[in-house]
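Dear colleague,

I am passing on the structure that follows, and below it you will find notes on what came out of going through it. Please read them with the structure open beside you.

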Amino acid sequence: MRAWIFFLLCLAGKALAAPQEALPDETEVIEDPTTEEPVGANPVQVEVGEFEEPTEDVEEIVAENPCQNHHCKHGKVCEVDDNNSPMCVCQDPSSCPASAGVFEKVCGTDNKTYDSSCHFFATKCTLEGTKKGHKLHLDYIGPCKFIPACLDTELTEFPLRMRDWLKNVLITLYEHAPLHFHAFHACIPKISMLTRHPWPLPWQVKKIHENEKRLEAGDHTVELLARDFEKNYNMYIFPVHWQFGQLDQHPIDGYLSHTELAPLRAPLIPMEHCTTRFFEACDLDNDKYIALEEWASCFGIKER
């Protein structure tokens with residue numbers, strides 16, 4: 001803008017400095033009073049708009065969509081009823097986007113492969129209120145396949161690998177996004193009240209990360225994992241509690257439902273065939289929920 005003003009001033013300066021050509025002596029210029037224009041008026045504006053009333057720009061008012069900020073759970077979409085109020089209704093499975101590949105397919109507890117999680121949850125919604133719908137859950141990510149039975153000896157080894165894996169996941173997240181744990185700190189007082197135990201602070205993740213005795217990630221034998229857990233027990237407490245806090249979200253009540261557990265177990269089942277049996281064993285009172293105390297006990301974390 002300053003450059004344009006400077007440019008216009010330069011043009012004006014040149015115009016004032018330029019010599020004016022004198023009119024011929026014999027030419028007399030007579031001004032026509034009938035064509036005199038008001039001072040400062042634009043001739044075009046005077047000609048076409050002199051007697052027109054000014055118009056005001058009217059902004060078009062667009063009605064807000066009632067569904068804009070109305071959220072529905074998986075398998076449902078928002079629609080507006082006769083009173084223009086938002087409501088959640090079951091999504092038609094045929095309206096789900098087409099699957100882009102095998103990696104989008106999921107397997108249900110009915111041992112049926114669904115094209116995507118959208119197709120699965122939409123189908124489950126249509127079965128609401130039925131016995132089949134109550135029992136139907138997302139089992140794991142990927143097409144349905146044969147999952148071998150988990151032996152007792154394998155079930156004993158599973159928490160050893162799981163504890164080490166949770167610790168390594170936490171360390172990796174800390175290395176890539178340390179500020180993530182400062183945000184997580186906001187949840188600590190609420191969970192501490194549920195557990196009645198002092199909750200580890202985010203700085204303890206840094207302490208684990210910098211501990212020279214920490215067992216690095218790798219394909220370790222169960223014997224080594226067992227010795228490390230016994231030797232560095234305190235290093236495994238926070239990763240186990242942290243994972244529970246990440247899953248306990250809907251609602252945050254100190255219990256894990258099958259739905260809350262799904263983000264962890266669904267990707268694990270194809271790789272760890274003892275996953276289902278392990279989490280079933282964690283539910284000690286068979287109430288279909290895993291309490292924090294039950295969760296900690298499953299991983300060998302003792303109550304303080």
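**Notes on the model**

Asp 139 counts as buried because its relative accessibility is 16%, where buried means under 20% relative accessible area, exposed means over 50%, and partly exposed lies in between (1.4 Å probe, protein chains only). This is a predicted model, in which local features need pLDDT of at least 70 and side-chain atom pairs count only at pLDDT 80 or more, while totals for chains, interfaces and linings use all residues. Residues are numbered from 1 along each chain as its sequence is written, and side-chain values use heavy atoms, with hydrogens and water left out.

Asp 139 sits in strand β5 (residues 138-141); helices (H or I, at least four residues) and strands (E, at least two) are DSSP runs, numbered from the N terminus. Not counting residues up to four places away in sequence, Asp 139 touches Cys 107, Gly 108, Thr 109, Arg 265, Ala 266, Ile 269 and Thr 276, a contact being heavy atoms within 4.5 Å.

**Overall picture and confidence**

The chain holds 13 helices and seven strands, and buried residues make up 30% of its 304 residues. Of the contacts between residues at least 6 apart in sequence, 59% join residues at least 24 apart.

The average pLDDT of the chain is 78, and 70% of the residues score at least 70; pLDDT is the predictor's confidence in each residue, from 0 to 100. Two stretches call for care in reading. Over residues 1-31 pLDDT stays under 50, and the model has two contacts beyond four places in sequence for them; over residues 186-200 pLDDT also stays under 50, but here the model has 21 such contacts.

**The cores**

The largest nonpolar core has 29 residues, and those with the most contacts inside it are Phe 278, Phe 279, Trp 295 and Phe 299; such a core is a set of buried Ala, Val, Leu, Ile, Met, Phe, Trp, Tyr and Cys residues joined through side-chain atoms within 4.5 Å. At least two residues of this core come from each of α5, α10, α11 (258-268), α12 (275-282) and α13 (292-298), and the largest share, six residues, is supplied by α10. Leaving aside neighbours within four places in sequence, Phe 299 is in contact with Pro 159, Met 162, Arg 163, Leu 166, Phe 229, Val 240 and Phe 278. A second, separate core has seven residues, among them Tyr 114, Leu 127, Leu 138 and Ala 266.

Phe 279 belongs to helix α12 and is buried, with a relative accessible area of 5%. Beyond four places in sequence, Phe 279 touches Met 162, Leu 261, Leu 264, Arg 265, Ile 290 and Trp 295. The C-alpha atoms of Phe 279 and Cys 298 are separated by 8.3 Å, with the two residues 19 apart along the chain.

Which residues of helix α9 (residues 222-231) are buried? They are Leu 225, Asp 228 and Phe 229. Seen down the axis of α9, these buried residues fall within an arc of 100 degrees, so they line one face of the helix; the arc is that of the directions from the helix axis to the C-beta atoms. Arg 227, Glu 230 and Lys 231, on the other side of α9, are exposed. The cover over the buried residues of α9 includes α5 (152-176) and α10 (234-247).

The axes of α5 and α9 are 10 Å apart, and the helices pack at an angle of about 65 degrees; axes are lines fitted to C-alpha atoms, for helices over the stretch in contact, and angles run from 0 to 180 degrees between N-to-C directions. On the α5 side, Glu 157, Leu 160, Arg 161, Arg 163, Asp 164 and Lys 167 meet Val 222, Leu 225, Ala 226, Asp 228 and Phe 229 of α9.

**Backbone points to check**

His 250 and Pro 251 are joined by a cis peptide bond, with omega about 0 degrees, and Pro 251 lies in the loop between α10 and β6 (255-256). Asn 286 is not a glycine, yet has a positive phi of about 55 degrees; Asn 286 is in the loop between α12 and β7 (290-291) and is exposed, with a relative accessible area of 62%. Lys 288, found in the loop between α12 and β7, has a positive phi of about 75 degrees although it is not a glycine, and is exposed at a relative accessible area of 70%.

With best wishes
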